[in-house]
Structures are given as C-alpha cells and as structure tokens.
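Student: I'd like to go through this one and check where the labels come from. Can we take them one at a time?

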Amino acid sequence: MIENVDVFIEKIKSAKTIAISGHKNPDGDAICSALALMKIIELNFGKKPVVIHDGNIPRDFDRVPLRKQAVYWEQIPENSKYDLYILVDYGTRSHLGGAEKFVNNSDFVVEIDHHINDDLVGNLCFDNPSKAAAAQIVYDIVRAGNLEMDSDIKDLLMIAIITDTGHFKFVKNSDVFIDSAQLVDSGVNVSRLMNLLNNKDKKTVLVESATVSKAEFFMKNRLVVAGIRKPDYKRLDGRGELVLSLLAQIHGVEFVVLLKEHQDNQIGISIRSKTVPINQVAESFGGGGHLYAAGAVIEDTFDNVYGKVVEAFKDM
C-alpha cells in the first residue's frame with residue numbers, strides 16, 4: 001500500500017500555485033505522467049498546475065491529450081515561485097534542465113519516480129524502482145486517494161506505460177499488466193493510442209535509418225555502437241528509440257549503444273541491454289537509469305567518447 005498520499009493531497013489543497021515537470025528532453029512517461037497529474041489535480045481539486053518542460057518533446061506525442069498545455073521553461077517568468085512543485089520521472093538532479101531553478105525556488109517538492117536515485121530532490125517522495133513506468137506510481141496515488149479520472153487521464157497513463165516499457169518489452173513484473181488491464185477495462189482503447197503515436201517526421205525516420213546502416217559491431221557482434229553527429233542530431237526528433245530498437249533485433253546482439261552529438265564536446269549516450277545489467281556502465285560516465293536501459297551525457301569529443309564506450313564493455 002502506498003503511504004503518505006494523504007500528506008500529498010493536503011499539500012495540493014493548501015497550495016495556491018503548483019508546477020509539474022519531468023526530466024529534460026521528456027519521453028512518453030515524463031510528459032504524459034506530468035500532463036495526467038495536471039488533469040488529476042484540476043479534476044479533483046479545481047486547481048490548474050502548469051506543466052513545464054525543457055528540451056524537445058518528440059513529435060510522436062503531438063497528438064496525445066493536453067499536449068499543447070505543456071509550457072517550455074524559458075516562457076515561464078524567471079522569478080516564478082510555486083507553493084508546490086511535483087517532479088515526475090525526473091531521474092536525477094542533473095536531468096532537471098531549465099526547470100531546476102523553479103524547483104529550487106519552490107516551498108515544497110514532491111517527487112514521483114521509478115529511477116534509482118541516491119540524491120533525492122523531494123521533501124515527499126513516492127519512489128518505486130520496481131515499477132516499469134512512473135505513470136504506474138501516479139495510478140497508485142489515484143487509487144490510494146480515491147481520486148477521479150477522466151478519459152484523458154487514463155489515456156495519458158496508458159501511453160506513458162506503453163512507451164516506457166518499449167511496448168511491453170521492458171517489463172519488471174506483472175504489476176504493469178494488471179495496471180494496463182484495469183485501464184483497458186475502464187475504457188482505454190490501446191489500438192487507437194498505438195495509431196495516435198505513429199506520428200514521426202519523415203526526416204527523423206531517414207536520419208534514424210541511416211544511423212542504423214552505419215552502426216559498427218564489436219565483441220563478436222555482442223556490442224553494436226551507432227552514432228548521430230551534430231548536423232543530423234538537429235534533425236532527430238526524440239532520443240533515437242527507433243535506432244536502439246532496430247539494432248536490438250539483430251541476432252547475437254546483447255548491448256546497443258547510441259551516441260548523440262548534442263553540440264561540440266557534449267555527447268549523449270543511450271545504452272540498452274537484453275539480459276545483462278548496464279546501469280553501472282552509465283553510472284561510470286556520470287549517468288544512470290534502469291538495469292537494462294540507461295544513459296549519460298559526457299563533456300568530451302565524439303571520437304573520445306566512442307573509444308571510451310567500447311572500452312567500457314570489453315569485460316562484459
């Protein structure tokens with residue numbers, strides 16, 4: 001049973017201003033869980049939080065409910081102060097992005113997350129690494145607090161679960177199927193949501209396809225490394241999940257690494273594994289994540305990072 005939901009509810013009731021955000025460059029779980037929380041609070045407490053984001057929200061999510069209500073952090077007045085700030089699926093403090101100053105300036109912070117994190121930001125924490133998506137914890141809070149949900153909230157929670165599990169490929173336990181079944185039984189149409197997410201930009205698909213074709217293999221094909229340089233990164237919509245997914249389908253591949261040159265000497269690393277935990281590899285580069293899906297951002301040249309990544313896997 002989830003604890004301290006009553007404390008959370010009292011904080012919502014007493015707050016005059018509320019903001020919500022997830023990690024920088026939000027994925028489906030981060031943006032959809034944030035939007036779901038916004039609607040949950042509006043529906044049950046008559047208050048309208050602001051959802052703040054930093055970085056690019058992939059075009060895949062342009063058609064999800066309430067998407068247009070998410071506000072880019074630079075559009076928020078710099079001196080904004082919130083009575084209550086809710087962080088959902090934020091990962092680590094370093095992933096807060098431009099929203100960090102608003103978090104630091106808030107009176108009370110609640111965090112809802114499924115990442116392993118030794119540096120908690122929240123005054124009140126609903127953290128559970130056993131969950132496949134932060135949306136599941138939001139759903140737990142709804143049920144524990146006997147809160148109402150409408151169709152938008154249910155759809156957003158299901159989209160968050162679908163995308164963060166890689167369409168149910170990254171499942172930790174049966175909870176995610178139980179939660180999904182309940183949402184379906186309450187009226188969610190999964191087929192409609194899947195079609196809604198088929199919204200990639202042409203240039204993104206072409207960049208990702210070209211990146212797959214140029215990937216290099218190591219360790220007798222157990223490790224595959226792909227790279228997106230800065231000119232193509234600007235054409236990338238999202239975090240290159242198609243690249244990771246396609247390369248992971250190759251027979252004999254255990255580890256997939258995608259390097260993204262955000263800007264000169266700033267390289268993003270996304271790591272996926274089929275059966276061997278790789279979160280410690282990400283941590284060795286100053287990042288983190290889940291056992292089989294993790295990442296980091298390194299300040300170094302593309303070629304140097306490429307060599308370091310290959311070296312990091314040599315004994316695995």
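Student: What makes β5 and β6 a pair?
Tutor: This is a predicted model, and in it strand β5 (residues 109-113) and β6 run parallel, joined over four bridges. A pair needs at least two bridges, so β5 and β6 count as paired. Within that pairing, Asp113 sits opposite Asp127 in β6.

Student: And what is the order of the strands in the open sheet?
Tutor: The six strands go β3-β2-β1-β4-β5-β6, with parallel pairing.

Student: Why are β3 and β6 called edge strands?
Tutor: Because pairing takes at least two bridges, and β3 (70-72) and β6 (124-127) each pair on one side only. On average, neighbouring strands in this sheet are turned by 25 degrees against each other, direction ignored.

Student: Which helix lies across β4, β5 and β6?
Tutor: That's α4 (residues 134-144), running at about 120 degrees to β5.

Student: Why is Asn146 called exposed?
Tutor: Its relative accessible area is 70%, and exposed means over 50%, so Asn146 qualifies. You'll find Asn146 in the loop between α4 and α5 (151-164). Its phi is near 50 degrees, a positive value in a residue other than glycine.

Student: Why does Met219 count as partly exposed?
Tutor: Met219 has 23% relative accessibility. Buried means under 20% and exposed means over 50%, so Met219 falls in between. Met219 is in the loop between β7 (216-218) and β8 (223-228), and has a positive phi of about 55 degrees although it is not a glycine.

Conventions: Residues are numbered from 1 along each chain as its sequence is written. This is a predicted model: local features need pLDDT of at least 70, side-chain atom pairs count only at pLDDT 80 or more; totals for chains, interfaces and linings use all residues. Side-chain values use heavy atoms; hydrogens and water are left out. Helices (H or I, at least four residues) and strands (E, at least two) are DSSP runs, numbered from the N terminus. Axes are lines fitted to C-alpha atoms, for helices over the stretch in contact, and angles run from 0 to 180 degrees between N-to-C directions. Contact means heavy atoms within 4.5 Å. Buried means under 20% relative accessible area, exposed over 50%, partly exposed in between (1.4 Å probe, protein chains only).
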